[in-house]
Amino acid sequence: MEFVDRLLTCADCGGEFIFTAGEQLFFFDKQFKNDPKRCKPCKSKRAGTGLKAGTGPAAAGLSRTETRTECSACGIETTVPFKPTQGRPVLCRQCFQSKRAPSTGALVTAANTADMVAGTEHTAVGAEMLAAAQSPQA
Ligand SMILES: [Zn+2]
Ligand SMILES: [Zn+2]
């Protein structure tokens with residue numbers, strides 16, 4: 001799979017920004033279906049003001065990255081600090097905690113789940129880090 005830098009238009013300021021090959025590879029790797037909609041300045045602007053919104057998830061006491069979903073283990077509605085990947089199990093905090101606790105036969109599963117959650121949580125941070133790492137060459 002080869003990627004080339006692409007020029008995209010920011011949905012917020014209308015300016016053009018580069019969706020680098022490296023970022024595309026990252027998106028492909030994470031199976032993100034959509035191209036980024038905003039340039040980096042607009043993205044960080046939104047991230048900074050998102051918590052102050054009077055309505056929406058922030059008003060409900062959720063952080064901007066929390067997503068409502070159903071626990072794959074017990075079925076209760078829960079929120080996770082990342083966007084759940086379709087088809088992947090998502091655990092509520094309680095199930096996640098209990099899976100992490102060492103118990104017979106569950107060690108491998110628990111480790112995988114922890115990896116999965118940690119890996120997904122890094123998505124947003126990873127994208128920013130990637131962007132930061134690449135901007136000097138741009
Ligand atoms: Zn912009
Ligand atoms: Zn649960």
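A: Start with strand pairing: two strands pair if DSSP finds at least two bridges between them. Helices (H or I, at least four residues) and strands (E, at least two) are DSSP runs, numbered from the N terminus. Here strand S1 (residues 6-9) pairs with strand S2 (residues 16-19) in the antiparallel sense, over 4 bridges. This is a predicted model, where local features need pLDDT of at least 70, side-chain atom pairs count only at pLDDT 80 or more, and totals for chains, interfaces and linings use all residues. Residues are numbered from 1 along each chain as its sequence is written, while chains are lettered from A and ligands numbered from 1 in the order in which they are written.

Q: Which residue in S2 is the bridge partner of leucine 7?
A: Isoleucine 18 is the partner of leucine 7. Threonine 9, in turn, stands opposite glutamate 16 in S2. The hairpin of S1 and S2 has 6 residues between the strands, and glycine 14 there takes a positive phi near 75 degrees.

Q: How many bridges join strand S3 to strand S4?
A: 4 bridges join S3 (residues 67-70) to S4 (residues 77-80), and the two strands run antiparallel. Arginine 68 has threonine 79 in S4 as its bridge partner. S3 and S4 form a hairpin with 6 residues between them. In its turn, glycine 75 has a positive phi of about 85 degrees.

Q: How do the elements follow one another along the protein chain?
A: From the N terminus on, the order is β-β-α-α-β-β-α-α. That gives 4 helices and 4 strands.

Q: What about phi in residues other than glycine?
A: Most residues other than glycine have a negative phi, and most peptide bonds are trans. Glutamine 31 has a positive phi, near 60 degrees. Glutamine 31 is found in the loop between helix H1 (21-29) and helix H2 (40-49).

Q: Is glutamine 31 buried or exposed?
A: Count C-beta atoms, placed from the backbone: a residue is buried if 20 or more others lie within 10 Å of its own, exposed if 12 or fewer, and partly exposed in between. Glutamine 31 is exposed, because 8 other C-beta atoms lie within 10 Å. Arginine 6, in strand S1, counts as partly exposed, because it has 13 C-beta neighbours inside 10 Å. The C-alpha atoms of arginine 6 and glutamine 24 are separated by 9.0 Å, and the two residues are 18 residues apart along the chain. Buried residues make up 6% of the 138 residues in the protein chain.

Q: Which residues is cysteine 74 in contact with, leaving aside neighbours within four places in sequence?
A: Two residues are in contact if their C-beta atoms, placed from the backbone, lie within 7 Å. On that basis cysteine 74 is in contact with Cys92 and Cys95. Cysteine 74 lies in the loop between S3 and S4. It counts as exposed, because it has 12 C-beta neighbours inside 10 Å. Cysteine 74 and cysteine 92 are 18 residues apart in sequence and 8.1 Å apart in space, C-alpha to C-alpha.

Q: Where does cysteine 95 lie, and what does cysteine 95 touch?
A: Cysteine 95 lies in helix H3 (residues 93-100). Not counting residues up to four places away in sequence, cysteine 95 touches Cys71, Ala73 and Cys74. With 19 C-beta neighbours inside 10 Å, cysteine 95 is partly exposed.

Q: What share of the contacts with a separation of 6 or more joins residues 24 or more positions apart?
A: In the protein chain, that share is 30%.

Q: Over which residues does pLDDT stay under 50?
A: pLDDT is the predictor's confidence in each residue, from 0 to 100. It stays under 50 over residues 120-126, for which the model has 7 contacts beyond four places in sequence. The protein chain averages a pLDDT of 74, and 61% of the residues score at least 70.
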